[in-house]
Amino acid sequence: MFGWGSDRSASELPVERGPLGVAIGGGIDIDTLSLQANLAGAETAMPVPPGGMLIVAAYGEARLDAGMILSRYYDADNTILQVLSASAAPGDDLLDVSLYRPWDSVVPAGPADWARWRGSSGLIGQSRYDADGLLFDRFWGDGAGRADLVEFVETVDDGERRREIHQSCMLYARPLGQDREMLLINIERDLAGGASREGGSVEFIIGYGLMAADIRRL
C-alpha cells in the first residue's frame, strides 16, 4: 500500500518449492508425538526423531513415474522430510510422508566389493537384510529372489547450485511396536562430480512414516 519494496523483482522473491511450498531457509513444523506413541517401548535402530522445526537447507525432486513425484526437504544435518505427490506443485495433495535420518555408511574398496553390494547376487535387493542383527524385509519388489534396485535422478537445489544425483536404492522395513521402521539402502552418484560408475558409498538411512496432518509449513 505504501510502496515499500515495490522495486523488488519477482525473481528476488523466495522460490516456494514442492507440495509444501517451502523456500530454502524456510521452516517446517514436524509433529512426531503419534509416531513416538506407536513406537513406545520398542528398540529402534536409532533414537526416534523428536520432531519440531526443520529448517530447509536444500530441496530435492525426482519423477518416479508419470503420476508420482518425490520431493525431499533436507536440513543442515541431512535429515530428510520426504513427500510423494502427483505434481509437486505447492498445495498438491500429499500421498505419502516419511521422515529419514542417516544411520550408517560404507565405502566399498573396489569393483569386487561393489559387486558384493550391488551385483547380480549382491546384498542390496535380497528379500531380507541383516543390519547387525536387526532383520529388515524387503518392502519393494515381489518374489523370494533378489529384486532390481530402484533407480532415479534427483535434482537437489540448495539455493546456490543444482546437482543431479543418480540414485540406486532399495527399501526395507520391519514391524516395530504399533508401527514400522524403514531402512533405505542407497547408492548415490553425482552426475557432474566425476564419481565412479559404481558410486561413492552405500548409505543406510532409517525412516518412519508420518501422516499429512503431522507436518505444516511455518
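A salt bridge is a side-chain nitrogen of Lys or Arg within 4 Å of a carboxyl oxygen of Asp or Glu, and the views below come from a predicted model.

**View 1. A salt bridge between Glu154 and Arg72 joins two strands.**
The side chains of Glu154 and Arg72 meet with an N to O distance of 3.0 Å. Glu154 belongs to strand β9 and Arg72 to strand β4 (residues 68-74), so that the pair, being 82 residues apart, links distant parts of the chain. Both Glu154 and Arg72 are buried.

**View 2. Arg17 and Asp157 form a salt bridge.**
The closest N and O atoms of Arg17 and Asp157 are 3.1 Å apart. This pair, too, links distant parts of the chain, with Arg17 in the segment before β1 (27-30) and Asp157 in strand β9 (residues 150-157), 140 residues apart. Arg17 and Asp157 are both buried. In the whole structure, a search finds nine salt bridges.

**View 3. Glu181 and Arg174 are paired in a salt bridge.**
Here the closest N and O atoms lie 2.7 Å apart. Glu181 has a relative accessible area of 0% and is therefore buried, and Arg174, at 11% relative accessibility, also counts as buried. Elsewhere, salt bridges that share partners join Arg17, Asp157 and Arg162 into one network.

**View 4. Leu35 is a buried residue of helix α1.**
Helix α1 spans residues 33-38 and includes Leu35, which counts as buried because its relative accessibility is 4%. Leaving aside residues up to four places away in sequence, Leu35 touches Val48, Asp179, Tyr208, Gly209 and Leu210. Tyr73, which is 38 residues from Leu35 along the chain, has its C-alpha atom 19 Å from that of Leu35.

**View 5. Two separate nonpolar cores are found in the model.**
In soluble globular proteins, nonpolar side chains tend to be buried together. The largest nonpolar core has 37 residues, and those with the most contacts inside it are Ile28, Tyr73, Leu81 and Ile215. Strand β12 (residues 202-210) gives the largest share of this core, five residues. A second, separate core has 16 residues, including Ala62, Leu70, Phe152 and Ile205.

**View 6. Met53, Ile55 and Leu218 form a nonpolar patch on the surface.**
Together, Met53, Ile55 and Leu218 have about 300 Å² of accessible area. Met53 lies in strand β2 (residues 52-55), and because its relative accessibility is 56%, Met53 counts as exposed.

**View 7. Asn78 and Ala88 have positive phi values.**
Most residues other than glycine have a negative phi. In Asn78, phi is near 70°, and this residue sits in the loop between β4 and β5 (80-85). With a relative accessible area of 46%, Asn78 is partly exposed. In Ala88, phi is near 65°, and the residue is found in the loop between β5 and β6 (96-106). Ala88 counts as buried, at 7% relative accessibility.

**View 8. Residues 1-10 have a pLDDT below 50.**
For the protein chain, pLDDT averages 91, and 91% of the residues score at least 70. Over residues 1-10, by contrast, the pLDDT is below 50, and beyond near neighbours in sequence this stretch has two contacts in the model. Where pLDDT is low, the predicted coordinates should not be read in detail.

Technical notes: Residues are numbered from 1 along each chain as its sequence is written. This is a predicted model: local features need pLDDT of at least 70, side-chain atom pairs count only at pLDDT 80 or more; totals for chains, interfaces and linings use all residues. Side-chain values use heavy atoms; hydrogens and water are left out. Helices (H or I, at least four residues) and strands (E, at least two) are DSSP runs, numbered from the N terminus. Buried means under 20% relative accessible area, exposed over 50%, partly exposed in between (1.4 Å probe, protein chains only). Contact means heavy atoms within 4.5 Å. Patches are made of residues with over 30% relative accessible area and no salt bridge: like charges are joined within 9 Å, nonpolar side chains (Val, Leu, Ile, Met, Phe, Trp, Tyr) within 5 Å. Accessible areas come from the Shrake-Rupley method with a 1.4 Å probe; for residues, only the protein chains shown count as cover. A nonpolar core is a set of buried Ala, Val, Leu, Ile, Met, Phe, Trp, Tyr and Cys residues joined through side-chain atoms within 4.5 Å. pLDDT is the predictor's confidence in each residue, from 0 to 100.
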